[in-house]
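This report looks at how parts of one chain are arranged and packed. Please read it alongside the sequence and the structure shown here.

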Amino acid sequence: ILAITFTTAAASVLTKRLGYKIGYAGTLHSFLLRLLNENAGLVNFAPGIGVVDEVMQEQILLQIRTDQRYRGTEASLEEALRKHCSTMADSSPANLVAAAYRLRLRRSNSIDFDGILHYGKLLVDKLAESNAFQWTHCAVDELQDASDQHMAIYRAMPCDKKFWVGDKNQGIFSFLGSNVHHIMEAAASGASVVRMETNYRCCRAVCRASSAFI
């Protein structure tokens, strides 16, 4: 069983409540990074992939932009970085910076947070094609916070059973790319829907008061 949680703290709570550790419990980034290290050669990396955090990413990009005297817009550069291009075929200023950045990460066998999702999706596709994806059941918590990119990865996982948990009324991370419509579409796609309507966090008086207020 593969369990994807929104935070590492949630994964810890999940495993403690169960009393044992299921196949894997953690965030999507942590799971994909583990998968990438275990199958690094399939996506042309070496084991022991380093992770570049946002501070390091800004430092590397600043150096490259200075060296190339970049005068383009931030939007153009962000768009070029999303393409994960490591070639100089496109000679636009933004692509030259992005390509130099990707090449530098490759040479140091490193990856950034967005790259974990990008290469993780490529790896999941490869493992699915070769029937080498070992998890048969997948549970995803807080599905209302999944982005289009996250959802593409979840759908690509060739699990026999997928169990998605979430609440469309708690979709508050659209500014980070989440798309609450995914959980609504899942509920409308013919999946079995189980509504969790018992509140274990509040006493009845609090539930009544909040319901009356709303």
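## Basis and overall picture

Contact here means heavy atoms within 4.5 Å. By that criterion, residues 24 or more positions apart account for 60% of the contacts in the chain with a separation of 6 or more. This is a predicted model, in which local features need pLDDT of at least 70 and side-chain atom pairs count only at pLDDT 80 or more, while totals for chains, interfaces and linings use all residues. Residues are numbered from 1 along each chain as its sequence is written, and side-chain values use heavy atoms, with hydrogens and water left out.

The chain holds 9 helices and 6 strands, where helices (H or I, at least four residues) and strands (E, at least two) are DSSP runs numbered from the N terminus. Its C-alpha atoms fill a box of roughly 65 × 45 × 30 Å, taken along the principal axes. Of the 214 residues, 33% count as buried, a class that means under 20% relative accessible area, as against exposed at over 50% and partly exposed in between (1.4 Å probe, protein chains only).

## Packing of α2 against α6

Helix α2 (residues 28-38) packs with helix α6 (residues 113-129) at an angle of about 60°, and their axes are 9 Å apart; axes are lines fitted to C-alpha atoms, for helices over the stretch in contact, and angles run from 0 to 180 degrees between N-to-C directions. That angle makes α2 oblique to α6, since angles under 35 degrees count as roughly parallel, over 145 as roughly antiparallel, 65 to 115 as roughly perpendicular and the rest as oblique.

On the α2 side the contact is made by L28, H29, L32, L33, L35 and L36, and on the α6 side by F113, I116, L117, Y119, G120, L123, V124 and L127. By class, this contact has 12 nonpolar, 2 polar and no charged residues, with Ala, Val, Leu, Ile, Met, Phe, Trp, Tyr, Cys and Pro counted as nonpolar, Asp, Glu, Lys and Arg as charged, and the others, Gly among them, as polar.

## The two sides of α4

In helix α4 (residues 74-82), the buried residues are L77, A80 and L81. They lie on the same side of α4 because they cover an arc of only 100° around the axis, the arc being that of the directions from the helix axis to the C-beta atoms. These buried residues pack against α3 (54-68) and α5 (93-107), whereas A75 and R82 are exposed on the other side of α4. Just after α4, H84 takes a positive phi of about 55°.

## Q63 in α3

Q63 is found in helix α3 and is partly exposed, with a relative accessible area of 43%. The C-alpha atoms of Q63 and V97 are separated by 9.9 Å, although these residues are 34 residues apart along the chain.
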